[in-house]
Amino acid sequence: MSEKKRIIFHVDMDHFFTAVEERECPELKGEPVIVGADPKGGKGRGVVSTCNYEARKFGVSSGMPISRAWKLCPEGIYLPVNYGLYEKVSSEIMGILRKYPDKFEQWGIDEAFLDVTSKVKDYEEAEALAHKMKNEIFKKERLTCSIGIGPNKLVAKIASDFQKPDGLTAVKEEAVENFLAPLPVRKLLWVGRKTEQKLKKIGIKTIGDLANYDSTVLTETFGVMGTQLYLMANGIDRSEVQERSEVKSISRDITFEEDTADSEFILKTLDRLSEEVHKDVLEQNLCFKTVTVKVRYENFETHTHSKTLPFITNRLQDLKKTTRELMQEYLKPDRKIRLVGVRVSNFTSARKQKTLV
Ligand code: TTP
Ligand code: MG
């Protein structure tokens with residue numbers, strides 16, 4: 001007997017940070033809104049976290065330097081990042097979604113995969129269920145999302161991005177090939193700008209080009225990644241929707257006003273980031289084991305260094321001590337630093353721990 005075909009959802013909130021800001025302050029609706037670093041009249045040095053669809057019309061996008069966003073859209077409304085608020089809204093949304101499937105996997109702050117195979121009998125019922133979820137999220141949170149439905153996580157994820165905002169795209173197994181073929185290779189998970197360029201050099205632009213390419217040549221050129229690319233382009237993905245603790249890591253980073261080699265100032269900034277991260281750790285009732293620092297030098301060379309502690313903790317002093325230790329190797333009088341970051345991961349819930357302060 002053949003196994004029942006899986007039906008997987010990918011839910012992605014629309015322009016999440018700015019959508020939350022608009023909900024909190026309805027006068028923002030219809031205006032181009034950008035959440036991210038302070039633009040400082042075009043001199044700001046951080047990046048855009050996200051922007052709403054009005055701002056996207058000006059060419060503004062996530063990850064872009066805020067100074068460039070300012071040039072493209074000086075009339076935009078620029079807001080600072082209010083993580084605490086977005087995380088709170090995110091956990092409300094995840095709470096709504098996790099009731100529906102057998103298996104649930106949060107993926108980032110505003111996305112989740114749901115395996116609903118046993119909950120629906122066919123795609124018609126799957127679409128009705130997706131509408132139900134969208135309605136519940138809208139009714140309770142006044143936010144819209146886009147949902148992709150497919151036979152696996154890969155197709156579901158690409159489908160959720162296909163019609164945005166407030167979209168619903170279902171791709172049955174037999175339609176996968178035609179759905180994927182015309183899309184640019186960048187739509188595949190793991191294909192970044194570098195791989196895109198390499199593929200372009202050998203004449204591959206679309207997922208269809210990749211699917212029809214000789215798989216042995218791909219493996220010769222890209223190694224294991226080549227095989228993976230070939231499978232993805234053919235819509236094959238056997239990975240399961242994995243239940244896991246909601247949060248994988250908590251992090252903060254900051255771009256300095258001016259590149260600096262002042263070690264005291266850098267360490268103080270690191271302490272401040274540790275304090276912010278620690279506040280989140282306590283709010284979410286977590287304990288961590290792994291601490292990571294990130295450093296970007298003025299020439300954009302970027303390093304991360306992690307340490308896994310021999311104990312689990314939720315204490316600020318442990319976090320500060322470890323980040324300061326990890327930072328030492330990067331502090332050089334002749335090398336200016338542009339950005340520093342702090343991340344904690346490897347969580348357990350503090351509820352399970354008795355002895356922590
Ligand atoms: P995305 O889902 O990638 O983007 P989005 O929800 O803003 O927009 P879309 O409608 O296209 O889904 O990311 C979710 C949130 O994560 C986003 O609101 C802000 C944050 N984010 C960053 O902080 N930096 C980034 O580079 C990206 C891509 C997202
Ligand atoms: Mg989103």
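Which backbone N or O atom lies 3.2 Å from an oxygen atom of ligand 1? Select M13, whose backbone supplies that atom; such a pair is a polar contact, with N or O atoms within 3.5 Å. This is a predicted model, in which local features need pLDDT of at least 70 and side-chain atom pairs count only at pLDDT 80 or more, while totals for chains, interfaces and linings use all residues. Residues are numbered from 1 along each chain as its sequence is written, chains are lettered from A and ligands numbered from 1 in the order in which they are written, and side-chain values use heavy atoms, without hydrogens and water.

Next, select the side chains of T50, with an N or O atom 2.5 Å from an oxygen atom of ligand 1, and of Y53, where the corresponding distance is 2.6 Å. The protein covers 70% of the 560 Å² of accessible area that ligand 1 has on its own (Shrake-Rupley method, 1.4 Å probe).

Now move to F9, which, leaving aside its neighbours within four places in sequence, is in contact (heavy atoms within 4.5 Å) with residues including L114, I147 and I149. F9, F16, L114, I147 and I149 touch the most other members of the largest nonpolar core, which has 36 residues; such a core joins buried Ala, Val, Leu, Ile, Met, Phe, Trp, Tyr and Cys residues through side-chain atoms within 4.5 Å, buried being under 20% relative accessible area with a 1.4 Å probe, protein chains only. Colour domain 1 (8-15 + 84-177) and domain 2 (17-82) separately: both give residues to this core, so it lies between them, the bounds coming from an automatic or database domain assignment.

Note on methods:
Buried means under 20% relative accessible area, exposed over 50%, partly exposed in between (1.4 Å probe, protein chains only). A polar contact is a pair of N or O atoms within 3.5 Å; within protein, one must be able to donate a hydrogen and the other to accept it, and residues adjacent in sequence count only if both atoms are side-chain atoms.
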